[in-house]
Amino acid sequence: MSPRAAALAVLLVLTQVAGCGEDPAAGREAILAPPSGSMTPSPGPPAEPSPTPSRPDLASSLAAPMATGAPLAATGPPRFFVTARTAVVRFPDGSKTADLTPVPPAVHDAATGRLIAEVPLPPGVESSWKLAAAAPDNRTFLLSGHTGLGEVRFFRVRLDGNGHPGPPEPVPHSGGKIAGMRPVLAMSHDGTRFAFADMLPGGAIVAVVDIATGARRDWAAGEGPAVTGLSWSPDGRRIAVANGGWGIGELDLAAPGSDLLAATRLVRPMTGMPLLGSVAYAPDGESLIYSAGHDIERVPVGGGEPEVLARLSPPRGASFSIRFDLDGTGRHLLYTQDWRLHRTDLRDGSSDSVPIGRPSGGLSPDATW
């Protein structure tokens, strides 16, 4: 593909992003279609994995999707956060040809927003993409990048004690053509698996991917509302799912088959709730924290009455609901808006913000810690 065609391919995607405004919860990015190209749940248990699964078989190549390694423990309030954003596309005066300026992900100081280091991209990835997730240790991050050919690739990065990133670790077989409209990403507590959800033309999908091998297990829900939030349980055996149609539930990763609704137990029905955003497990795994409108609430995983932890006052232009990230201690919540990192202490509901900086223009980034 020529540089001009590549730039226009990225511009098409960015136009879809910009059309939804600077909204951290609008579901404006796109992610990847199932490798099989089908949203229909396959009958019976998943197939046994092969040593080198081919792309058409990836959707059922991960026989045991649980992440049962020792969790990467949080050691205190986060010291770093990582931003992920799209390339900057500009049209010079009088030109119909776009200039594409790639941008890498970046590590920032959590207290000040100061840039610490740019994150190196793996071979074949030209620029950052707005999908990122973190393990509880504040050192292990899953990031995404754009190839310039209408494709996204995933890779893992580990930070040292000073926040400097090591070499990127590409996820084999991961990525593909941009397809969907409402992606969500989560990383397991042991840093070995990630989950993503998207809303494709055939309906909602949730997938678990092994970072080392790229083997994958998909669940499909058919037609219906999109999944707005995902979170791994500390024991790696469940994934919390927020869905705008039925509410908040727990996906049992040991359940047979690929029917998302059949494998998910409802924890908090949608009835009477404002628009759902993100969901996260508390560190003990016994309760779920989620955004309903601009309220942050907590509910026991066994069900019961929700408790309001904070009422956010997001800046003008924010979504009707908040897409947030919870740190490994379960105390500090973040979301981004207009080139600022907004932080809330769930112990007392207090909030503050720090600037992220705008080194090369473009859209405001997403962030994780």
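**The largest pocket**

The largest pocket holds about 760 Å³ of space. Its lining is made up of 44 residues, and L185, F324, D325, L326 and T368 lie closest to its centre. This is a predicted model.

Next, the strands. β6 (127-134), β11 (184-187), β15 (227-232), β19 (276-281), β23 (325-326), β24 (332-337) and β27 each supply at least two residues of this lining.

One of these strands, β27, leads on to a sheet. It is an open sheet of 4 strands, in the order β5-β4-β1-β27. The pairing is antiparallel. β5 (115-118) and β27 (366-368) stand at the edges. Each has a single partner strand, so one side of each is left without a neighbour in the sheet. On average, neighbouring strands of this sheet are turned by 30° against each other, direction ignored.

Further into the sheet, β1 (residues 80-84) and β4 (residues 106-109) run antiparallel and are joined by 4 bridges. Here F80 stands opposite D109 in β4.

Now the wider setting. The protein has 1 helix and 27 strands. Of its 369 residues, 56% count as buried. Take the contacts with a separation of 6 or more: residues 24 or more positions apart account for 56% of them.

Note on methods: Residues are numbered from 1 along each chain as its sequence is written. This is a predicted model: local features need pLDDT of at least 70, side-chain atom pairs count only at pLDDT 80 or more; totals for chains, interfaces and linings use all residues. Side-chain values use heavy atoms; hydrogens and water are left out. Two strands pair if DSSP finds at least two bridges between them. Axes are lines fitted to C-alpha atoms, for helices over the stretch in contact, and angles run from 0 to 180 degrees between N-to-C directions. On a 1 Å grid over the protein atoms alone, a cavity is a set of points where a 1.4 Å probe fits but cannot get out, and a pocket is an open set with protein on both sides within 12 Å along at least five of seven lines; lining residues have an atom within 4 Å of a point. Grid points are joined across faces, edges and corners, and a volume is the space filled by probe spheres set on the points. Buried means under 20% relative accessible area, exposed over 50%, partly exposed in between (1.4 Å probe, protein chains only). Contact means heavy atoms within 4.5 Å.
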